[in-house]
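Hi,

Here is the structure I promised to pass on.

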Amino acid sequence: MIELQNVCRTFIVGDQQVAALRDINLRLDAAEYISIMGPSGSGKSTLLNLIGLLDRPSSGTYLLDEGNVTQLSDEQQANARRDKIGFVFQSFHLVPRLTAAQNVELPMILAGIPPEERKARVQVLMQNYGLSERADHRPDQLSGGQRQRVAIARATVMNPTVLLADEPTGNLDRNTGWEVLKLLEGLMDKGITLVVVTHDAEIGARARRQIHMLDGRILSDEQTN
Amino acid sequence: MKLTDTLQFASGSLRGSPTRTLLMILAMSIGVAAVVVLTALGEGARLYVINQFSSLGTNLVIVLPGRTETAGIGPGMLLGQIPREITLDDAEALLRSRAVRRIAPLTVGSASLSRGALNREVVVLGSTADLLEVRHMSVGLGKFLPAGDIHESASVCVLGNQMKRELFGNEQAIGQWVRLGDRRFRVIGVLSQQGESMGMRTDELVIVPVASAHQLFNTSGLFRILVEAKSRDSIEDAKHDAEQIMFQRHNGEKDVTVITQDAVLATFDRILTALTMAVAGIASISLAVAGVLIMNVMLIAVAQRVKEIGLLKALGAPPKQIRALFFAEAALLSGIGSVAGLVLGYAGSVVIGQVYPMLPVSPPWWAVVAACGTALGTGILFSVWPARRAARLDPVAALAGR
């Protein structure tokens, strides 16, 4: 459960203040499927970074699972990120020297989970995502779709509350893109809130709730069935 | 994050760029090896000098004619007097002290030694029977100078090992006559081979009774008196007694110098230890340079791995964990470098030991500890800045590779 109240984010570029987000009020419930659309520079990535605790609002309040996370220290924010938030990036962001399995294992290593449990959880996930045979391959030996599936496995291995995907299909061809999208949509069954940022209207239209942004403001917030 | 995982992750990223890692380890190990080898040399020199002194005898007090202290101008100096010489009676008088076990008066000169057509210049040592014990010499063949009245001359001599070989080869030397200067001496003993000690090659010596040496060189003064104290504790008493006795015998004039072997040894020890430490200090500069190199490499690593750092942050690594990862990398680099340097340094010491067999080359433990400590210290110290820089990266910008 995520709630943003009067959130603003301004950047200082040179000697000018640029407002990336202006007075955003937003509430996302558990197991929701939200797409955020808008042209480049409309503030959708900034919004995603704020929700993902990678960035702090210049003003306003952010409640994550009823807790105010705007006032948390860097370390507490990092822990919240680790336990509650999963990221899927356009360019996958896999560590090139680690195998697929090791990349999936990484968040659990950071969390200090014992090796046996890590191995077991990685194995289950790799099997679910059809990556078992590719577990010992490095990212450069994997196809784009496989890489993104590894990234999704990594994002979900800590059982997050919310999964944030920034143009998850941007670097994939149409067919693999659809497969990846279906994989992401399947996560909602586990109660994960799915937020997809895209400027592809066709992909955005798949979400039950569609948010359009322009110039740092929410232009429309529609619920479809 | 667990410590083992941190180390594993750090070693993984080191393996990710093997050339850079190897070069860093090389730089670190050269630094450590330099410290180890140079201190081993310094320590070797120190031990060498100490061994030389110990082979001179134990619990020794040495009485020299003349005063080496500068305490103003004495009346003797104004009159152009040379210091009064030390006589055999002075030497005998020293035996009155309770602290003294035995003494060996020494007269040194050079004379030509000949047997038939063979002839060479040798150092002649005039002394008494006790010299054997005082100077820790040992007789290979025959016997040493006879005990008895030290004023009594005798036409007998003891040859150094090499002198015997040069004059007699494999022939029987004991009982043969040799000519020393204008006198004839009968060989009664040959010293066993001893090598060099304190610049005096005992193998090339000829030893005769002190009274005979006085006649040979037409003197009555002694070069010095070696006094052996009863025990280590009585060295100071022996020194004090020797000073008192000489003071009384020389009509209340302090015209001799009494030094203890320990004092000389301690001085040499201090000088050479200081030298070793200075050399170690110079060598550790290379460790500091290696530290700067580590910093440079870590900064490059941070710049190259900006995206990875951004990712780690996105996956929930707090700043201190990012710092720990970079510290672990630096610690691994300098740790492996230290071990490699130790191996290199010890190998170098062994080689030096082979080249200079008389030097007891071994790196002192404090230098080994200090070298490794400095290596680890500089490695981690110089990675503070890169690690902080990595920890402070803005995750959004880092993920974008900025």
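A:N175 is exposed, since 9 other C-beta atoms lie within 10 Å of its own (exposed is 12 or fewer such atoms, buried is 20 or more, partly exposed is in between, with C-beta atoms placed from the backbone). A:N175 belongs to helix α6 of chain A, residues 174–186 (helices are DSSP runs of H or I with at least four residues, strands are runs of E with at least two, both numbered from the N terminus). Its C-alpha atom is separated by 9.3 Å from that of A:G145, 30 residues apart along the chain.

A word on the source: this is a predicted model, where local features need pLDDT of at least 70 and side-chain atom pairs count only at pLDDT 80 or more, while totals for chains, interfaces and linings use all residues. Residues are numbered from 1 along each chain as its sequence is written, and chains are lettered from A and ligands numbered from 1 in the order written.

Now to chain B. Which residues of α8(B) are buried? They are B:I235, B:A238, B:K239, B:D241, B:A242, B:I245 and B:M246. Seen down the helix axis, these fall within an arc of 165 degrees, so they line one face of α8(B) (the arc is taken from the directions from the axis to the C-beta atoms). On the other side, B:Q244 and B:Q248 are exposed. Just after α8(B), B:N251 takes a positive phi of about 55 degrees.

Best wishes
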